[in-house]
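Please walk through this structure with me, one region at a time. Keep the view open as you read.

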Amino acid sequence: MKNSVHTAYVVLLVAVGVLGTVLPVLRGCSYYSTPLEERSFHPLYESLKPTGIVGHGYGIIGSLMILIGVGLYSSRKRLRVFAAVGKMKYYLEFHIFLCLLGPILIVYHTTFKIGGLVAVSFWSMTAVVFSGLIGRYFYVQIPKGIQGNELSVGELTAENKKLAEAMTTRFRLDADILRRIDAIASPPKDPVKMSMIETINFFLMNDLTRRARLRTVFRRLEQQGYHRHALGALRATATRRIVLTRRIALLQQFRQIFHYWHVVHLPFSIIMVAILLIHVAVAIAFGYTWVW
Amino acid sequence: MVLLIAVPSVAVCQISPGELSSAHASLEGIGNCTSCHALGKTIDDNRCLGCHVELRTRIPAGTGFHGRLNGKQCVECHKEHFGRSFSLVRFNPNTFDHASIGYRLEGKHAALECDKCHSPGHVAAQDVQRNTKLMAGKTYLGLSQECRTCHEDRHRGQLSAQCQQCHVPDGWKPAVRFVHEAAKFRLTGKHVTVECARCHNRFLPDGKTVRYVGLEFSACSSCHTDPHKGKFQKSCESCHSTRGWVEIAAGAFNHSTTRFPLRGRHASLKCEQCHGTPGRSTGRPAAGSFAIEKFQRCADCHKDTHRGEFSGRADGGACESCHTENGFSPSTFAHSSAKFALQGKHQQVPCAKCHPVSTAATNGVVVREFRVKRFQRCADCHEDGHAGQFAYRADGGECAGCHYVDGYLPATYTPDDHRKARFTLTGSHVAVPCAECHPANTVRARSTRRFVWSELPKCEACHRDVHGGQFPAAKYGGCASCHTSEAWNRLLFAHDKTSFPLTGKHAGVECVRCHPAQGAGSAAGARRFVGTPTKCSDCHTASSQGSNGLRRNQ
């Protein structure tokens with residue numbers, strides 16, 4: 001897919017996602033904000049209640065989106081027949097889109113009233129979504145190739161070396177500045193000895209403080225007479241260097257963390273789907289068939 | 001991870017989307033879903049009515065609030081799974097339209113609080129009474145629309161159970177819807193305005209409940225006392241109506257049964273003209289009542305328009321002596337009983353001609369003087385048509401001397417009476433109409449006939465001297481010396497007394513031969529008598545024709 005097409009595709013997904021999130025709120029804000037005991041007397045109750053024409057629709061469409069999102073991505077990852085059908089990246093993006101918007105619609109279907117057995121599915125879904133967001137964060141920390149395969153440490157190191165050379169040759173950075181930049185990416189202690197929590201904490205803090213620390217370095221460069229435009233380009237390169245350096249240092253830890261993440265993400269998904277199916281079966285059994 | 005999944009599942013091991021309300025809390029649990037939910041049917045109303053059995057009969061019957069919802073499903077109004085504190089019934093008494101359940105709150109009902117009526121003590125429906133839970137809580141079921149559901153029957157079963165037939169919710173009193181026409185005793189006339197308590201003044205044995213039925217009403221005497229004390233021996237209705245005691249039905253009351261039968265014009269009077277009207281005094285005792293104590297005499301009711309003029313009579317001037325009940329006029333007064341008996345034309349004279357209206361102050365009432373002081377003489381009433389010509393007579397010229405009450409003419413003065421006059425009518429005078437001798441004239445400036453002369457008129461006064469003054473009265477003594485009243489030609493004339501006595505054949509000669517008519521066109525009496533020549537030759541001629549020798553004188 002061309003970049004422009006991909007960009008448009010992503011923009012479309014984002015737009016649909018935003019609309020799918022905002023429009024139901026605009027439509028049913030007064031209903032959703034009504035206290036639970038008063039909702040049955042709200043004019044929008046009949047349409048927005050979980051069995052209402054709109055509310056039930058939210059649930060069905062949201063569920064289908066989740067099922068399709070999970071099914072497609074899992075199939076692409078696990079089934080050999082799909083191995084050559086499109087890039088994993090695009091499947092992931094679509095999975096993220098469907099599994100973000102789908103749960104949002106599910107939330108509207110619940111009318112923010114969670115109870116009963118299906119509440120387990122809901123909270124499982126919530127755990128899956130949030131774990132998915134965390135997983136996405138962890139996922140990008142593990143560099144991958146175009147086909148989505150993980151890159152080796154050697155490949156990452158070679159790439160990092162290229163970045164160092166670019167900074168010294170192109171931007172004529174001295175070793176001291178380079179060292180300061182690298183220091184930003186360095187963990188406080190040996191990554192092997194860092195626990196999972198320390199690793200995550202370092203990553204989070206590093207992401208939060210990286211800009212400020214880099215700014216301090218670049219102030220010195222400004223004092224040295226570096227032009228702003230050059231500093232802008234240098235900042236991008238420096239940032240990539242810091243991230244890559246950090247990733248290389250903690251690659252193993254992140255692989256482990258990502259491995260454990262699956263332990264949360266997958267079971268909750270299974271529970272979510274299982275109870276979802278029970279919920280749907282019971283609803284149909286009791287006559288709540290939406291438009292049929 | 002397992003615990004994370006299992007605990008919530010165990011703790012919330014149900015497919016319920018939320019807690020049931022406290023009213024349905026006993027139905028909580030996965031095993032009770034079908035208590036309300038029917039498979040494939042969402043919420044089945046029959047499941048609801050399986051517990052709410054009181055509505056199961058009322059909804060199909062269309063009674064009460066739920067029976068008038070036109071097939072609305074239970075779940076449309078009564079939601080669930082909103083938690084324990086959720087109220088299944090959202091009912092605002094202030095905005096609820098009570099008319100929607102078939103019983104409009106009107107009048108004082110509208111101001112009542114709900115629980116004034118909807119209280120366990122007022123529940124009439126047995127199925128609701130059997131439901132102890134409903135009876136213990138707050139239910140709006142089970143009331144009857146009968147008034148006695150909430151209100152005590154103050155009539156103690158005397159009247160219909162349908163209180164609204166007489167009463168309205170605005171208040172028990174007055175019973176505005178009550179129409180007495182529905183009762184056996186229909187109110188008419190003045191009965192309509194009588195306060196209820198006036199007639200319904202009796203009570204049931206409890207001494208407090210007014211009796212409305214079982215009252216005796218067939219006769220007026222059931223409520224009214226008979227002021228006549230049974231004297232008339234008739235029912236009240238035969239004379240009276242409910243429009244009032246004083247309004248007697250026309251022809252209903254036989255006044256003849258009283259001591260004063262109504263006769264004549266009395267019969268056409270309105271009762272109140274004699275008996276007064278209620279509230280308006282007539283000056284008689286007990287204004288408006290019918291008992292009149294003084295009625296025996298006309299004067300007891302009628303004012304004496306004669307103003308006591310006849311009070312001197314033996315009967316004290318009793319009206320009935322002259323008047324009847326047919327009217328004061330004409331009276332029955334027999335003038336013959338008066339000192340002046342009406343005779344002749346007097347009988348035809350209207351009373352007013354002789355009895356003028358009094359000139360005294362009468363306050364506008366026409367009063368005539370009937371006691372005429374002067375009536376003895378004709379002249380007391382009649383004008384002397386002869387202008388006092390006969391005043392010289394001994395009777396003073398009294399009309400009755402010549403005239404009769406049958407009329408002035410003809411007078412009763414006969415020729416025989418005329419003989420007693422200074423001018424005695426004799427002979428042909430008797431046949432002469434009075435008017436010829438007594439023509440119309442002016443006597444004492446009055447136009448009348450002259451009947452009296454200061455001197456007896458001589459023949460010349462009436463007769464023309466046909467002798468042309470040959471015989472002056474002073475010398476010959478007037479016409480009477482020769483003529484009589486029998487006829488002109490009945491002569492008293494004796495030729496012997498003349499200067500030419502008729503002797504011999506002269507005695508047989510007709511007068512006219514010696515005394516011929518004088519001149520052409522002369523009247524028959526125009527003959528020469530005086531100065532007739534007496535010589536023979538004045539009449540006779542020496543003729544030989546065997547005549548007697550008389551010259552005929554032309």
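The crossing of H6(A) and H11(A) is left-handed. H6 of chain A spans residues 118–141, and H11 of chain A spans residues 251–285. Their axes come within 8 Å and cross at roughly 155 degrees. That makes H6(A) roughly antiparallel to H11(A). The cut-offs are these: under 35 degrees is roughly parallel, over 145 roughly antiparallel, 65 to 115 roughly perpendicular, and the rest oblique. Axes are lines fitted to C-alpha atoms, for helices over the stretch in contact, and angles between N-to-C directions run from 0 to 180 degrees. The contact of these two helices involves 18 nonpolar, nine polar and no charged residues. Nonpolar covers Ala, Val, Leu, Ile, Met, Phe, Trp, Tyr, Cys and Pro; charged covers Asp, Glu, Lys and Arg; the others, Gly among them, are polar.

This is a predicted model, in which local features need pLDDT of at least 70, side-chain atom pairs count only at pLDDT 80 or more, and totals for chains, interfaces and linings use all residues. Residues are numbered from 1 along each chain as its sequence is written, and chains are lettered from A and ligands numbered from 1 in the order in which they are written.

Now take chain A as a whole. It has eleven helices and zero strands. Helices (H or I, at least four residues) and strands (E, at least two) are DSSP runs, numbered from the N terminus. The mean pLDDT of chain A is 85, and 97% of its residues reach 70 or more. pLDDT is the predictor's confidence in each residue, from 0 to 100. Of the 292 residues of chain A, 27% count as buried. Buried means 20 or more other C-beta atoms within 10 Å of the residue's own; exposed means 12 or fewer; partly exposed lies in between, with C-beta atoms placed from the backbone.

A:Trp290 has 14 other C-beta atoms within 10 Å, so it is partly exposed.

Next, where do the chains meet? The contact takes 18 residues from chain A and 23 residues from chain B. Two residues are in contact if their C-beta atoms, placed from the backbone, lie within 7 Å. On the side of chain A, helix H2 (36–39), H6 and H11 each give two or more residues. H11(A) gives the largest share, four residues. By class, that side has twelve nonpolar, four polar and two charged residues.

Turn to chain B. B:Glu146 sits in the loop between helix H8 (132–136) and helix H9 (196–199). Its C-alpha atom is separated by 6.9 Å from that of B:Gln162, 16 residues apart along the chain. B:Arg156 lies in the loop between H8 and H9 of chain B. B:Arg156 has a positive phi of about 50 degrees although it is not a glycine. B:Pro174 is also placed in the loop between H8 and H9. The peptide bond from B:Lys173 to B:Pro174 is cis, with omega near -5 degrees. Another cis peptide bond joins B:Ser329 and B:Pro330, with omega about 0 degrees.

Methods: Left-handed = near helix turned anticlockwise from the far one by under 90°.
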